[in-house]
Amino acid sequence: MPDSLLNLVRAVAWSLALLLAVGPAAAQRDLLAPGGADTAPALPVGEVQVDLARFGFSGAARPGEWTGIRLRVMDRAERQRDVLIRVSVPDPDGDVLQYRVAMTTNPGLSQPIWVYLRLPGRFDSADLLNVTVFEAEEGGDGVVREGRVIGQTRVRPPRLLEATESVAAVIGDRSHGLGQYGTRYQNSSYAPLGHELLDARTGNTPDDVPDRWLGLAPVEAVVWTRGSPSDLTIEQVRALREWVERGGHLIVCLPPVGQDWITIANRELAEMMPAVSISRRTGVDLGAYSTLLTSRTDAVLPQSGTVHSLSPRADADPGQAMRILNGPDGECVVARRLVGAGAVTLIGIDLGHPGLMQAGLPEAAVFWHRVLGRRGQVMSQDELGQLEKRTNRPLGYRTPVDYDQDLPSSIAKSGRAVAGVFLGFVVFAVYWIAAGPGGFGLLKRRQAVKHAWVAFLATSLVFTGLAWGGALLLRPKRLEATHLTFLDHVYGERRQRTRTWMSLLIPSYGEATVAVGDEPAAVGGPRVHHAIAPWDQPRTLGTSGRGGFPDARGYTVDGRSPNSLTFPTRATVKQLVADWSGGMAWRSIRPIVDATGNPDTAIRFRRGDIGNHLLEGVLTHELPGGLENVVIVVVRRQQPMGAPPSDQLICAAYAFKRTGVWQPGEPLNLELATVLSGTDVLAQNYLGDLTRMSSSVPGSFGEQTADPRRAPDRLAALALFSHLAPPSFSGGVTDTSAPVLARRAGAQRWDLGRWFTQPCVIVIGHLKASGKDACPTPIRVAIGGQERAVHFDGTTVVRWIYPLPDDPPAVVRPARGDAPATGGVEDGG
């Protein structure tokens, strides 16, 4: 090859490499510009002033999760006008994801508006997001488009959640003991004697509640301690309800006077409340409730407080009024209602009593463990320091283990790429032999060396045809998706929820539209807001190895209802994450009704001394395939109140592994499947095994690469995350191992730990299927305006819960001589 031509090829190659390396990175730097100051760099003030009011509900924003940004917009124009607000976020392919909302401004008035977006998995607290305000222009086709720029700013979160942090948002100024969960040791971002730190953030008001469930997505629980529910708008109520239906936990601490939660006029909020009758008693000696609130025998409790008794109504259906905790006289003081995959809990004890606050009560490990469904000891800073001195082992000596590390490999599509690379290698190797020494040797043997150039040209043409033919043969011709899906269903509830991670292969260039959900909105009813967005793996799982494309383009998504997105396609894979909630996507597990005909009692505990079988009843399922790696977890009841906090479970629970495949229609006899054979079936031992399966390397702070064969166990551990075994620091000086620190950066809010507070049966199994209906999440793909079928292949983790009749734990009266009487005056509430 001439030198000039060789130099030209080299120049083109270097230019392409530079574009590939710099182009997407430069685009992302413009969208996520790191800033070293505490405030975002100022931009020119336009006709519209836009400021950041709040980054995330209760300041909770997590990379790789949906969050809400509340902006305040003030227009300096002389009259009202329509504007479009756009928040730009880079996606993993280097394109620009533009979350857009529309509003009508009022001159001189500062107006709030929420924009909902999914933060990139590698988003950092130093990164900035560009916010641009456009004048809305309506084209001749009726489509509203972005006109001239009339305002802009840059925003950043004050702080981001770590992979080992979760948040309980408190409506009110006091945490009622929840703040004890947030104790950090030496500024660590995890629980010193547990795994995930729960940060109770107070100071929220009803006005701060987002108007879409997406803004509540980073929050584990909403605890209402102050304020009237009547202050919520209808959109805020619907956002709360949809968040609860998707697995959220709303906890209402009834005020000592003026409670209006049961009698509230808002029908949609009233229908979420437990179906109980409330009887208010004043002047109650709270000392009788000490075993519910503290483990200290010397604690001094108020002698005059307010307690609301919560009596299930006679017309309450199963699941509408479940007693969680009773008082010393047997009256219910904590009641719950199941709502979809979530719950609403009422607390009748006045936890905000000044006397309880002065005594540092309630203790989180005594009371809140049994409401939230948590495990492990909770200590103060001084107690942690004393523990470290006593054991002579540093509490910060932990080995991080990511229990969601199987997400990227579960949706990877590498088979066809590997085949293409192998074919290219083989074709090149054979071509090199045929066109080089092999072909020359053959010509020399036949004394036809003079035809070498003709043979070389013919060989080149043949192998060029082979290469093109092989590429066309391997080129995908159909829409394909590899997925991992979580499917939750609570028996008796008419809703299911799913989260799907998928790699979608679109074999064309241009644009494609992907939407989640297919049910029409009810006339006059609330609209269900599903969500879909590009997915990139969390920072804790390392880099994905994916690079951006040099032709970066922007595409728009509804910033208030992101149930679909239209994005550029380049005949390659797009990784997405979709959240859906609705009716029965799949027919699920169900009990076979016995002779009584009552499905609510088809599964029950064995009565009397009749062997070592825990349950009686039969299950079957109508899923589209067999279930593998089936685990049955049975929660019998909470442990009696009064036992000191420890690392043990708060309940009597058991776990049973089932071998083989549970086929559709096959009866599963629970009497045989739940045999109490030794300590192996104790849930505590099973959870300990889940924690130890990624044991640390002695003396190492490094992260672990766990056994891929135990991926099903890690996915099961994500369902039981809050009850994984806490770390043990009792090994002494000679023990140099680092206890496990469990993390789940990509699967928060998919923990079933709350179910450990009440009797239930939990079934977890994996369904592997292939075909158009192999994914329970209703995903629709359109190319060129025409809807196309998608061939799915992957795994669905089915998590089915059967609530059993309530059975609150026994209350042991305080051992202080004569037990105080509860007393009090009843006024009927």
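Start your tour by selecting Gln80, which lies in the loop between strand 2 (66-75) and strand 3 (81-90). Strands here are DSSP runs of E with at least two residues, helices are runs of H or I with at least four residues, and both are numbered from the N terminus. This is a predicted model, where local features need pLDDT of at least 70, side-chain atom pairs count only at pLDDT 80 or more, and totals for chains, interfaces and linings use all residues. Residues are numbered from 1 along each chain as its sequence is written, and side-chain values use heavy atoms, with hydrogens and water left out.

**Around Gln80**

A contact means heavy atoms within 4.5 Å. Now show side chains: those of Gln80 and Asn106 make a polar contact at 2.3 Å. A polar contact is a pair of N or O atoms within 3.5 Å; within protein, one must be able to donate a hydrogen and the other to accept it, and residues adjacent in sequence count only if both atoms are side-chain atoms.

**On to Asn204**

Now select Asn204, in strand 9 (residues 197-204). Is Asn204 buried or exposed? Asn204 is buried, because its relative accessible area is 4%, and buried means under 20%, exposed over 50% and partly exposed in between (1.4 Å probe, protein chains only).

Which residues does Asn204 touch, not counting those up to four places away in sequence? Select Arg54, Phe57, Ser58, Ala169, Val170, Ile171 and Gly172 to see them. From the Asn204 side chain, follow a polar contact of 3.1 Å to the side chain of Ser58. The Asn204 side chain also reaches the backbone oxygen of Arg201, at 3.0 Å.

**Zooming out**

Show the whole protein, with its 14 helices and 37 strands. Of its 829 residues, 53% are buried. Among contacts with a separation of 6 or more, 78% join residues 24 or more positions apart.

Finally, colour by pLDDT, the predictor's confidence in each residue, from 0 to 100. The average is 84, and 82% of the residues score at least 70. Select residues 520-525, where pLDDT is below 50 and the model has 1 contact beyond near neighbours in sequence. Then select residues 695-704: pLDDT stays under 50 there too, and the model has 30 contacts for this stretch beyond four places in sequence.
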